[in-house]
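Me: Please go through the assignments made for this structure and set each one against its criterion.

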Amino acid sequence: HFFAFLGWETMAPNFVTCKEAGLELRQALFLDCRWAINEPLTYGPAAFSAGHVPGAVFVDMEKDLTGEITPTSGLHPLPPIQAFGKWLSSVGIGPSTRVVVYDDVGGVWAARCFWMLRCVGVGNVSIMEGGVQAWQAEQLPWSPPERDGDYTLVTPSGEEKLVLPAS
């Protein structure tokens, strides 16, 4: 089998439906690849902060999936393999990690991440069909926006400190 030859333990389908992805919510690592060319530094982080698949990791197109821009590189050259590998390790992705990637523009940015993962030997990765819009249309779990506001410092006992949102 070709994929076994490459050392991939599991070869996932290229695409999964939102319902299929939802069944893997606790087992898979979801990567939120939202990005906008007209707001490259702000759109993705703002969209992720507003809500995402529970437990998802935000993928920054500019920092995580792009290397240094030079006069001959184009706008989004691939990052050096060592830098990409370091990022993969930092988010907990190894060769057999189950990964589901998604975005909100028909899979364009998710596909880049998917392709890069496959190229470095992560075979258990799929693109979620329909992205954010399909996930929400199916009324699957969605993380609420992170709570802003004042925080209260609570010291229960001893030296432990717990920070809770103010009510």
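Me: Why is Asp104 said to have no salt bridge, and what is the nearest side chain of opposite charge?
Reply: Asp104 is buried, and the nearest side chain of opposite charge, Arg34, is 4.7 Å away. Lys and Arg count as positive and Asp and Glu as negative, while His and the chain ends are not counted. A salt bridge requires a side-chain nitrogen of Lys or Arg within 4 Å of a carboxyl oxygen of Asp or Glu, so Asp104 has none. Buried means under 20% relative accessible area (exposed is over 50%, partly exposed in between; 1.4 Å probe, protein chains only).

Me: On what basis do these values rest, and which residues count?
Reply: The model is predicted: local features need pLDDT of at least 70 and side-chain atom pairs pLDDT 80 or more, whereas totals for chains, interfaces and linings use all residues. Residues are numbered from 1 along each chain as its sequence is written, and side-chain values use heavy atoms, with hydrogens and water left out.

Me: What makes the pair Asp104 and Tyr43 a polar contact?
Reply: Their side chains are joined at 2.3 Å. The criterion is a pair of N or O atoms within 3.5 Å; within protein, one must be able to donate a hydrogen and the other to accept it, and residues adjacent in sequence count only if both atoms are side-chain atoms. The pair therefore qualifies as a polar contact.

Me: Where is Asp104 found, and which residues does Asp104 contact beyond its neighbours within four places in sequence?
Reply: Asp104 is in the loop between strand 4 (99–102) and helix 5 (108–119). Its contacts (heavy atoms within 4.5 Å) are with Arg34, Tyr43, Val132 and Gln133. Helices (H or I, at least four residues) and strands (E, at least two) are DSSP runs, numbered from the N terminus.

Me: Why is Asp64 also without a salt bridge?
Reply: Asp64 is buried, and the nearest side chain of opposite charge, Lys63, is 7.6 Å away; by the salt-bridge criterion, Asp64 therefore has none. A polar contact of 3.2 Å joins the side chains of Asp64 and Trp87. Asp64 lies in the loop between strand 3 and helix 4 (81–90).

Me: What makes strand 1 and strand 3 edge strands?
Reply: Five strands form an open, parallel sheet in the order 1-5-4-2-3. Strand 1 (15–16) and strand 3 (57–58) each pair on one side only. Pairing requires at least two bridges found by DSSP; three bridges join strand 4 to strand 5 (residues 125–128), so these two strands pair.
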